[in-house]
Amino acid sequence: MGGQQYRTNHFMELLLIKRSKQLQEKFRNCCETANVKMLMPIIDVCTRWNSTFQMITWSLKMKTPLNILCDNNDSLNKYRLTNEEWALNISVANYLRPFQCLLTLLSGEKYCTLSMVVIGINLLLDKVESWAHELNNKNDRCAVDEFE
């Protein structure tokens, strides 16, 4: 499954839950079964900062209820993520977390100064370069290459 197909499938599952009262009730029951506090889905919006990170972290918090929901509903089974896709979600969330932290910090009206922006961007660049170096040195790039 390619990256775009994965993203579309997962987005559709969340959108279905958000828009359907019946699915929300089923999801609520799945959360109770998993003993997880129900949180409404956060949908990725390309014009909203951090929405991809928020959607992925929401999904990770709701992993067990989402899996239960997909397993118990034939029409949703096609949206169930594999263990490899969940692991990729964790990696993507870890990659996006520093961006989310910096954007949140810089969004504060009282905090943002030019020196803070420069320092923040430099720290992000260092982090991205470090990840790129680690990725280039990995022997097994199959999962990453598949989703590029």
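Helices H5 and H6 are roughly antiparallel to each other, since their axes meet at an angle of about 180° and any angle over 145 degrees falls in that class. Welcome to a predicted model of a chain whose secondary structure amounts to seven helices and zero strands. Read from the N terminus, the order of elements is α-α-α-α-α-α-α. The chain has 148 residues, and 32% of them are buried. Of the contacts between residues at least 6 apart in sequence, 63% connect residues at least 24 apart.

**H5 with H6**

- Helix H6 covers residues 114–137, and its axis lies 11 Å from that of H5.
- On the H5 side, the contact is made by Asn94, Tyr95, Pro98, Phe99, Leu102, Leu105 and Leu106.
- On the H6 side, the partners are Met116, Val117, Gly120, Ile121, Leu124, Lys127, Val128 and Trp131.
- Sorted by class, this contact of H5 with H6 has twelve nonpolar, two polar and one charged residues.

**H3 with H5**

- H5 spans residues 83–107 and also packs with H3, at an angle of about 135° and with the axes 9 Å apart.
- That angle makes H3 oblique to H5.
- The crossing in which H3 passes H5 is left-handed.
- From H3, the residues in contact are Thr52, Phe53, Ile56, Thr57, Ser59 and Leu60.
- From H5, they are Trp86, Asn89, Ile90, Val92, Ala93, Leu96, Arg97 and Gln100.
- The class breakdown for H3 with H5 is eight nonpolar, five polar and one charged.

**A closer look at Thr57**

- Thr57 sits in helix H3, which runs over residues 51–61.
- Thr57 counts as buried because its relative accessibility is 17%, and the limit for that class is under 20%.
- Leaving aside residues up to four places away in sequence, Thr57 touches Ala93 and Arg97; both of these are among the H5 residues that meet H3.

**H2 with H4**

- Helix H2 (residues 21–34) packs with helix H4 (residues 63–71) at an angle of about 120°, and their axes are 8 Å apart.
- H2 and H4 are therefore oblique to each other.
- H2 passes H4 in a crossing that is right-handed.
- H2 contributes Leu23, Lys26, Phe27, Cys30, Cys31, Thr33 and Ala34 to the meeting of the two helices.
- H4 contributes Thr64, Pro65, Leu66, Ile68 and Leu69.
- By class, the residues where H2 meets H4 are nine nonpolar, two polar and one charged.

**Cysteines**

- You will find zero disulfides in the structure.
- Cys31 takes part in no disulfide, and the nearest cysteine sulfur to it, that of Cys30, is 7.0 Å away; a disulfide would need the two sulfur atoms within 2.5 Å.
- Cys31 is buried, as its relative accessible area is 2%.
- Cys101, with a relative accessible area of 42%, is partly exposed.

- Asn67 is placed in helix H4 and is buried, with 11% relative accessible area.
- Setting aside residues up to four places away in sequence, Asn67 touches Arg80, Leu81 and Trp86. Trp86 is also one of the H5 residues that meet H3.
- Asn35 belongs to the loop between H2 and H3.
- The phi angle of Asn35 is near 60°, which is a positive value in a residue other than glycine.
- Asn35 is exposed, with a relative accessible area of 74%.
- Asn72 is located in the loop between H4 and H5, and its relative accessibility of 58% makes it exposed.
- From C-alpha to C-alpha, Asn72 and Cys30 are 9.4 Å apart in space, while 42 residues apart in sequence. Cys30 is itself one of the H2 residues that meet H4.

Note on methods:
Residues numbered from 1 in each chain as written. Predicted model: local features only at pLDDT ≥ 70, side-chain atom pairs only at ≥ 80, totals over all residues. Heavy atoms only, no water. Helix = DSSP H or I, 4+ residues; strand = E, 2+ residues; numbered from the N terminus. Buried < 20%, exposed > 50% of the residue type's maximum accessible area, 1.4 Å probe, protein only. Contact = heavy atoms within 4.5 Å. Axes fitted to C-alpha atoms, helices over the stretch in contact; angles between N-to-C directions. Parallel < 35°, antiparallel > 145°, perpendicular 65-115°, else oblique. Left-handed = near helix turned anticlockwise from the far one by under 90°. Nonpolar A, V, L, I, M, F, W, Y, C, P; charged D, E, K, R; others polar.
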